[in-house]
Amino acid sequence: MSNAKNTVLTAAGELFGQRDPSAVDRWVAADYRQHSALAADGPEALRQLVAGLPDGFRYEGARVIADGDLVALHGVYHGFGPDPLVAFDVFRVDADGRLVEHWDALTPLVRDTASGRSQTDGPAQVTAPDETEANRTLVAAFAQQVLVGADYSVLTDYISTETYHQHNPEAADGLDGFGAAAAKWAEQGRNLVYKTVHQVIAEGEFVLLQSEGEFGVPVAYYDLFRVQGGKIVEHWDVIAPVPAELPHGNGLF
C-alpha cells in the first residue's frame, strides 16, 4: 500500500469512522485547501464538521485508488442527511504525510437502479498495477474524443461491446443501455456536456475522471472506469450540481 493511500485511509477512519476532531491535528496540514460544498477552507472548518457529525454517522467504503500524491475514495456516507449519499472524495497528501487538499461530489443513494447493480458494488481490488499508464492513456483519450469532443462514432474504440457493467442508476448495462439513457436525458433537457477534464487519477485497472460540464445545469462529473483487455468494461459515477455559492473561494475544481 502506498504511503499516501495509507495516510488517507487512516485519517479518514479517525475523522469519519471514529468521528474524532483531534485527528485534524494529526493528519491535516495548516494550509488545508477545501473544494467541498460542505465545509469552509482550512483545518478548523474540518474540525467543526467532524465535531458536528451525528450519532450513527458512518462511512461505508467501496474502493480506493492512489496515484502519486492523490488518493480517491468511493463509498457511501450515512448520516449527512436523511438519505445515504454516494460519494467520491479526492485527497492530496503532502510530503509530510498530511492532507493538504480535498475535492468531493455526492449524490443520493438510489435503491432501484436500471441495471440492478448498486452505485458502488462490483470489483474493488487493484489487480493490474502494471497497466496503470496504458489505462490512463486510454481513458484520457476517451475523455477528450468522446466526452469533451462528443464524437460517439468512436465509442466502440474505447468501450467493450461485449461487457459494459453500468452503475449509473438510470442506465442499464451495455452500450444499448447507455444509449437509451442518453436519449431519455436529452428529451428531458439533460444533455451530457463535458467541458473540461480537471483530473485523471489512475491505479491499475481503475481510472477516475473529475470533469466540469452541464447536465441540464452546471455539474461536476466524477466518472470511474474499469479497464480490461484494453477496453472499458465497467462504469461508476456521481453527477453533482454546482452550487450557486460555496463556503470558500476555491471553487469545486
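**Cavities, pockets and cores**

Searching the whole structure turns up two cavities of 30 Å³ or more. This is a predicted model, where local features need pLDDT of at least 70, side-chain atom pairs count only at pLDDT 80 or more, and totals for chains, interfaces and linings use all residues. Residues are numbered from 1 along each chain as its sequence is written, and side-chain values use heavy atoms, with hydrogens and water left out.

Some terms. On a 1 Å grid over the protein atoms alone, a cavity is a set of points where a 1.4 Å probe fits but cannot get out. A pocket is an open set with protein on both sides within 12 Å along at least five of seven lines. Lining residues have an atom within 4 Å of a point. Grid points are joined across faces, edges and corners, and a volume is the space filled by probe spheres set on the points. Helices (H or I, at least four residues) and strands (E, at least two) are DSSP runs, numbered from the N terminus.

The largest cavity has a volume of about 200 Å³. Its lining has 20 residues, and Phe 178, Leu 192, Tyr 194, Asp 223 and His 235 are the closest to its centre. H4, H6, S9 and S10 each supply at least two residues of that lining. By class, the lining of the largest cavity has 15 nonpolar, three polar and two charged residues. For classes, Ala, Val, Leu, Ile, Met, Phe, Trp, Tyr, Cys and Pro count as nonpolar, Asp, Glu, Lys and Arg as charged, and the others, Gly among them, as polar.

The second largest cavity holds about 130 Å³ of space. It is lined by 16 residues, with Phe 16, Leu 49, Asp 89, His 102 and Asp 104 nearest its centre. H1, S1, H3, strand S4 (85–93) and S5 give two or more residues each to this lining. S5 gives the most, three residues.

Now the pockets. The largest pocket has about 220 Å³ of space. Of its 14 lining residues, Ala 37, Ala 105, Leu 106, Ala 240 and Pro 241 lie nearest the centre. Strand S5 (99–108) and strand S10 (231–241) each supply at least two residues of the lining. S5 gives the most, with five. The lining of the largest pocket has eleven nonpolar, two polar and one charged residues.

The second largest pocket comes in at about 190 Å³. It has 13 lining residues, and Thr 107, Asn 168, Pro 169, Glu 170 and Ile 239 are the closest to its centre. S5 and S10 are again the elements giving two or more residues. Here the largest share, three residues, comes from S10.

On to the packing. Which residues touch the most other members of the largest nonpolar core? Val 139, Phe 142, Leu 209, Phe 225 and Ile 232, out of 27 residues in that core. A nonpolar core is a set of buried Ala, Val, Leu, Ile, Met, Phe, Trp, Tyr and Cys residues joined through side-chain atoms within 4.5 Å. Buried means under 20% relative accessible area, exposed over 50%, partly exposed in between (1.4 Å probe, protein chains only). The largest share of this core, six residues, comes from H4. Take Val 139: leaving out residues up to four places away in sequence, Val 139 touches Val 207, Leu 209, Phe 225, Val 227 and Ile 232. Contact means heavy atoms within 4.5 Å.

There is a second, separate core of 24 residues, and Ala 4, Phe 16, Val 24 and Leu 73 are among them. Ala 4 and Phe 16 are also among the buried residues of H1. Helix H1 covers residues 3–17. Just after H1, Arg 19 takes a positive phi of about 55 degrees.

One last residue. Leu 38 sits in the loop between strand S1 (28–34) and helix H3 (43–51). Buried or partly exposed? Leu 38 is partly exposed, at 42% relative accessible area. Beyond its neighbours within four places in sequence, Leu 38 contacts Leu 49, Phe 80, Asp 104 and Leu 106.

Notes
Expected span 1.5 Å × (residues − 1).
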